[in-house]
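Here is a short briefing on the structure shown below. It goes chain by chain and interface by interface.

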Amino acid sequence: MKSLGSIRREFAPWNDPQAKAYISFENVTKRFGDFTAVNNLSLSIYEKEFFALLGASGCGKSTLLRMLAGFDEPTTGRILLDGQDMRGIPPYRRPVNMMFQSYALFPHMTVEANIGFGLKQEGMAKAEIEQRVAEMLKLVKLEQFAKRKPHQLSGGQRQRVALARSVAKRPKVLLLDEPLGALDKKLREETQFELMDLQQSLGLTFVVVTHDQEEAMTMADRIAILDKGEVMQVATPAEVYEAPISRFVAGFVGNVNMFEGTVAARDADSARITGASGAEIVVGNAGEAAAGNAVAFAIRPEKIKVSSRRPEGVANAMEGEVYDLAYLGDMTVYHVRLDDGQVVKASALNSSRASDDALSWNDRAWISFPPDAGVVLTR
Amino acid sequence: MSNVALSADEAAGSGSASRSILSRARSALLGRLVIIVPYLWLLIFFLVPFIIVFKISLSQTAIAMPPYVPALSLDDGIGGLFAQFGEMSFDNYVWLTEDALYFNAYISSIVIAGISTLLTLLVGYPIAYGMARAPSTLRPTLLMLVILPFWTSFLIRVYAWIGILKPEGLLNQFLQGIGVIDDPLLIMNTNTAIYIGIVYSYLPFMILPLYASLEKMDYSLIEAAQDLGCPPISAFWKITFPLSLPGVIAGCMLVFIPAVGEFVIPDLLGGSQTLMIGKTLWNEFFNNRDWPVSSAVAVILLLLLIVPIMIFQAAQARAQEQAR
Amino acid sequence: MNSGWSRFNVTSIVLGFAFLYLPIVLLIIFSFNESKLVTVWGGFSTKWYGSLFNNQGLMDAAWVTARVGVISATVATVLGTLAALTLTRYTRFHGRVLFSGMVFAPLVMPEVVTGLSLLLLFVAIGLDRGFLTVTLAHITFSMCFVAVVVQSRLVTFDRSLEEAAMDLGATPVKTFFQVTLPVIAPAIVSGWMLAFTLSLDDLVIASFASGPGATTLPMKIYSQVRLGVTPEINAACTLMIAVVAVGVIAASLVNKRREIQRQRDEQAAQQG
């Protein structure tokens, strides 16, 4: 597991037992009437981290962000920012700023006035405000749009004004609520990298809420996966993908095949799992699974090899029939129905233009994978 | 040393906390003022007057200023108040039921308002329908032309009809001029004149909700119906009209409710025989100076209007839910 | 919906608008009638406008009406805006049902009843009827119309604008004055205009609430109309229509211009 970790850069305060959390949620619960939006949740976020809260709508991720910004107060538990308890501090006194999903640009103010709004509230001198606004406009490359009103801007430009406005006050923490949600796909991909550069150059702590796993994987140092107001896993993107700790996380991020079964035997790191039909697989990364446990072996489609003949020297191989296939250009996705009825997804990179081993609908096929290609999940 | 730093930190923390409590208290007070000022205003100038109307409707007529003996007053203390309950009388209400004038006025108000509402619907529906079908560039202008008369004085719009409808008026001149009739039509001072006045004055109230519900209707529904073999006329009755029903109900209520209590139209266009309850109340008050009876008339007028108002509110609530 | 614009639709619109506008047009035409007989054309003349300005009673009434209108519309706009804020922002407080009832009831209340009840209140508290009482009465019924207009704007108001302002350090009070108020300003302005024209138009409530020395223009016109139609009244009505029409048309032109500019800007922004 050591090979996994932050691929992007050597920044991992969460592995350092000495490091102090910058933002901590301590046993935070938030109820709206009968509905529990956040349930006894604890979470630590470190300084200068790019942290993503990922989950489906209604999982409580936006509520967490709003509690951090001060629009909602936790029902119980507390939130610390840089060691200070945030309870009772209104939004306008918190050293955090938020970029809203709708951007919330003031329609009656120019781009300049929007960006300078927070500085004006601080009572900053006029000349200083002008200077900072100019700096911000340059940062988001909107210098020639300073005098425009929000409705005179395109969607991407509005997004950048919202971003500039929320970082103009140099907040300790920038909160981003679905920051790219309103942009089209192409613009979204470009902007992801812009956001990452911005975070690096300003040295700010970013907390971003998103329902788009690709977005979270691309941008974040760590991801918290939320479901029904609870944290399912907090880890780096690579860990979340390669070493999910539960069936929910494995299924939530990316595509996955699950082999359900019972642990028949257990070694130091590997295990033998017997499926319902009696088929047996040998797997590594067995973790805490003990003999007799009901477990799932989760394996990603790209880690499964498909071939027309039985492969030699592989720990696990199963026979079936190609039931469906999709040619996507860069790769081909096979759906193989095993003889015990389970359908397995496998994807193969099309690294050469034509394969002599091409499989087609209803062909007999073998799937195979080495023991450590997936993880054993007990939860 | 670290202890000192910690306590200083704490002090700073609690200082900002108390400041924020103060500002919260201040904004809470402002928030309360936002509620209290209009609330008090409406209590004093809307609710209390109604209680007074109700109270006076239970008191005796007197020749004085004010021309009634108060039914309830706190001058004699709580004990006196209870004594007054005994003296309170429903005489005015009894009188209203005994005198056929009032009963007829109520019935005739409702009948006149009902007929006028139907006529307004008949006149307004084709206009709203035509507007909804107009090219979308033309629609805002048409809408403005419907709203514009709203802004001109009601009294003036009613007055304008006097010159048209009276025996030697423009309508009769025109009809006699083209030879359709020999003797002038007697429209002025009849119920027909009231119908015309109400239809004319309240037409925008009918057109606007009708237009709103017709405009948002998807025309491909009609095309689908015709595609499925439904001829245009029957497509109208089976598709368009049912879908516009919320607008029809809203429009009818917006015309019917104010028409029942209308005063200016029956007074100016209707004759002396025309009975409408708004006019009766006015006469009772200004001519007969009978405040208790006019108060009783007002109370019953409100009771009459509660049912249509509730229908209207239910329809509005449903429309709002559908919009969501 | 364009495909169905048949001859029937065009005809009904033309007839409908003729019905709506013909009486007003005739009234305006006959205000320029030389003859004293209102319905017989005796040649073009503006003499009735001259005599109008020499009619001290009418002029006084116009002055009263203008003052009542401006004062009552202004106060009603403030109160109505507060009421609209209460209705949309404070969903839970004691007596909310009663409050919303009191805001919406005057909209459907027969004018004779509103007028009578206010008069009885003024008598009960011993307030002499006159300028003050008419103004109070007009504030009360027009504030409810303002509340409805402003409320419909507030319902669609994006609350994240206020949250953004607070997030950027503006206190709730500053947020209201710097963000909320400017954004809903157009609705408040139309609320004021509505309140002003309601006050300008009102005959029934003013008749109840007014006293000697505070005769409004509609009251004056009404008392003269009862005596018969005169060209002078036609002239007065024409002037009132002109004042309102100029105001409304100017406002809608400004609005339309702004809207077109806005659309053009948005198109340019999408392309640029």
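In chain B, residues 24 or more positions apart make up 70% of the contacts with a separation of 6 or more. The model is predicted.

**Chain B**
- Chain B contains 14 helices and two strands.
- The chain has 324 residues, and 40% of the residues of chain B count as buried.

**Interface between chains C and B**
- Chain C brings 63 residues into contact with 69 residues of chain B.
- On chain C, the helices that each supply at least two residues to the side touching chain B are α1 (7-30), α3 (56-89), α4 (96-108), α5 (111-124), α6 (131-155), α8 (172-201), α10 (217-225) and α11 (231-271).
- α1(C) gives the largest share of that side, with 12 residues.
- By class, the side of chain C that touches chain B holds 48 nonpolar residues, 13 polar residues and two charged residues.

**Domains of chain A**
- Chain A is split into domain 1 (13-95 + 171-247) and domain 2 (255-377).
- Between domain 1 and domain 2 of chain A, the C-alpha centres are 35 Å apart.
- Four residues of domain 1 of chain A contact five residues of domain 2 of chain A.
- On the domain 1 side of this contact in chain A, two residues are nonpolar, one is polar and one is charged.

Conventions: Residues are numbered from 1 along each chain as its sequence is written. Chains are lettered from A and ligands numbered from 1 in the order in which they are written. This is a predicted model: local features need pLDDT of at least 70, side-chain atom pairs count only at pLDDT 80 or more; totals for chains, interfaces and linings use all residues. Two residues are in contact if their C-beta atoms, placed from the backbone, lie within 7 Å. Helices (H or I, at least four residues) and strands (E, at least two) are DSSP runs, numbered from the N terminus. Ala, Val, Leu, Ile, Met, Phe, Trp, Tyr, Cys and Pro count as nonpolar, Asp, Glu, Lys and Arg as charged, and the others, Gly among them, as polar. Domain bounds come from an automatic or database domain assignment. A residue is buried if 20 or more other C-beta atoms lie within 10 Å of its own, exposed if 12 or fewer, and partly exposed in between; C-beta atoms are placed from the backbone.
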